Amino acid sequence: MDPSALLLSSGMAVAAGVVGCFAVMRRMTLAADAMSHVALPGIGLALVLHLNPVIGGVAMLLVGAVLIWGLEQRTGISTETVVGVVFSFALAVGSMLASGEELIDALLGKPGVVRPTELVFGLLAPLAVVVFLVWARNRLLIALVSPDLARTVNIHVERLNLGFLVAFALTVALGLRYLGVLLMGSLIIIPAATAKHLAGNIRAMFLLAVGVSVGSTLAGTALASILHRPTGPLIIAVAAGCFFVSLAWRRPA
Amino acid sequence: MPDRLVVSSLGVRFGKTQVLRSLSFSVPDGATMAVIGPNGAGKTALFKALIGSLPSTGTVAWAEGTRFGYVPQRLDLERDLPLSGRDFLHAKAALVKASVSEVKRVTRLVNLGHEVARRPIGGLSGGQFQRLLLAFALLGHPNVLLFDEPTTGIDEPGEELLYATVERLQREEKLTVILISHELSLVYRMAGLVLCLGRRGVSCFGPPRQILTPETLERTYGAPMDHYLHDVHGP
């Protein structure tokens, strides 16, 4: 495996591990999975317009982040329901725009030749995501325990939520190449869910989640070249394996 | 004494229901005000409007330099949230630039053991979690404490300890305290001012002697209050 691909997939895995911790603690498991689907119409549109599919995916994901945020602002609507409907719709539209081989690649990911623009995005985006989350971690933690408590500490909860959703969208975008639309949500959720079983404090959770995420990404990639199988599904299979093993060591609640 | 809080014609509505209607009162600096009233009268909604987390009409004016400590009623937490009490306190300490010794000071103040603070917050007992919330509220030297039924789910000794702590702090740090409580004996003991909220926007405001009368209480709760009055005039 060439070093730039190794670097890109590790960057993706680190960002997924950290973002996942907050997503799991914020009980966004379902929304996370659904949100990754929103990249599909973007990719389809980019293919129709002969643009780089990643650009289409990123643009659509950012729109999706703002859309969820807007829905969260309105009370009285069940966010999970609306997210489910809107993003299944996105999946449907996306499948109509892309077809055949392209669709499979978009859904499950396909490693290939890395273009320079993609390399730059693939290295800067994880850095930006991790720096933002490290900076905002205290605010995010207080806000997930109670938005009211957060407000009394002068935390601007709405702005913070938007920042988190954008970080989340960027992380999904990072996984489009290796994991595709269907599986990237899983790399965000599974390592963090595994870490949540085992960790007794927040630092341990972050370290475990990043460890499982990077470990499964590297192990899945290595297995793929040995078994001559697609990379993405193997990465998720390894991560899911870690999750099931972690159940045995589950910390007593 | 200058006012810490001045509220005028405050209104809050949930959809078509007007929960609070043209509410006006003021709280002097260092005073204790109790909010009483039946369930659904908008006590918690009032608190949320006071900290700006619910949209409202009218004005809520806090004195300049107000720092809140808020102890909410009950939080819906997952039991296996891997966030320890220490993590939670240090998160606020970092934001309000409080030192490690300040964190130790507040955990001592509320009698929260070292061992307890290391446990994940979802696994704490009701009383332990309430003390953790109080420690969280006290970090960063607040000058206003907001208590939303702070003793729900706490046994009696725990409750006594909590109020003793608050009373001591109030003397030492000149805190303004606003609390929601159903226990009129406690209100009588602690509060210099009482705000009553009844259903359908009925409200009254004044010192306990004036507010905690059979007539006013009956109007507020919509039922005779023999039981509560017993408490009030008890030892």
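**Figure 1. Chain A, a chain of helices.** Count the secondary structure elements in chain A and you get 12 helices and 0 strands. Walk along from the N terminus and the order reads α-α-α-α-α-α-α-α-α-α-α-α. Keep in mind that this is a predicted model.

**Figure 2. How chain A fills space.** Along the principal axes, the C-alpha atoms of chain A take up a box of roughly 50 × 40 × 30 Å. A compact globule of 253 residues would have a radius of gyration near 18 Å, and chain A agrees because its own value is 18 Å. Buried residues account for 50% of the 253 residues in chain A. Now take the contacts in chain A between residues at least 6 apart in sequence: 74% of them link residues at least 24 apart.

**Figure 3. Where chain A meets chain B.** Here 21 residues from chain A and 25 residues from chain B make up the contact. On the side of chain A that touches chain B, the elements giving two or more residues are helix 7 (116-145), helix 8 (147-152) and helix 11 (202-227) of chain A. Sort the residues on that side of chain A by type and you find 12 nonpolar, 5 polar and 4 charged.

**Figure 4. A look at B:Arg189.** This residue, B:Arg189, sits in helix 7 (residues 184-190) of chain B. Is B:Arg189 buried, exposed or partly exposed? It counts as partly exposed, because B:Arg189 has 14 C-beta neighbours inside 10 Å, while a buried residue needs 20 or more and an exposed one has 12 or fewer. Also in this view is B:Pro208, 19 residues from B:Arg189 in sequence and 9.2 Å from it in space, C-alpha to C-alpha.

Conventions. Residues are numbered from 1 along each chain as its sequence is written. Chains are lettered from A and ligands numbered from 1 in the order in which they are written. This is a predicted model: local features need pLDDT of at least 70, side-chain atom pairs count only at pLDDT 80 or more; totals for chains, interfaces and linings use all residues. Two residues are in contact if their C-beta atoms, placed from the backbone, lie within 7 Å. Helices (H or I, at least four residues) and strands (E, at least two) are DSSP runs, numbered from the N terminus. Ala, Val, Leu, Ile, Met, Phe, Trp, Tyr, Cys and Pro count as nonpolar, Asp, Glu, Lys and Arg as charged, and the others, Gly among them, as polar. The radius of gyration is taken over C-alpha atoms; the globule rule is 2.2 Å times the number of residues to the power 0.38.
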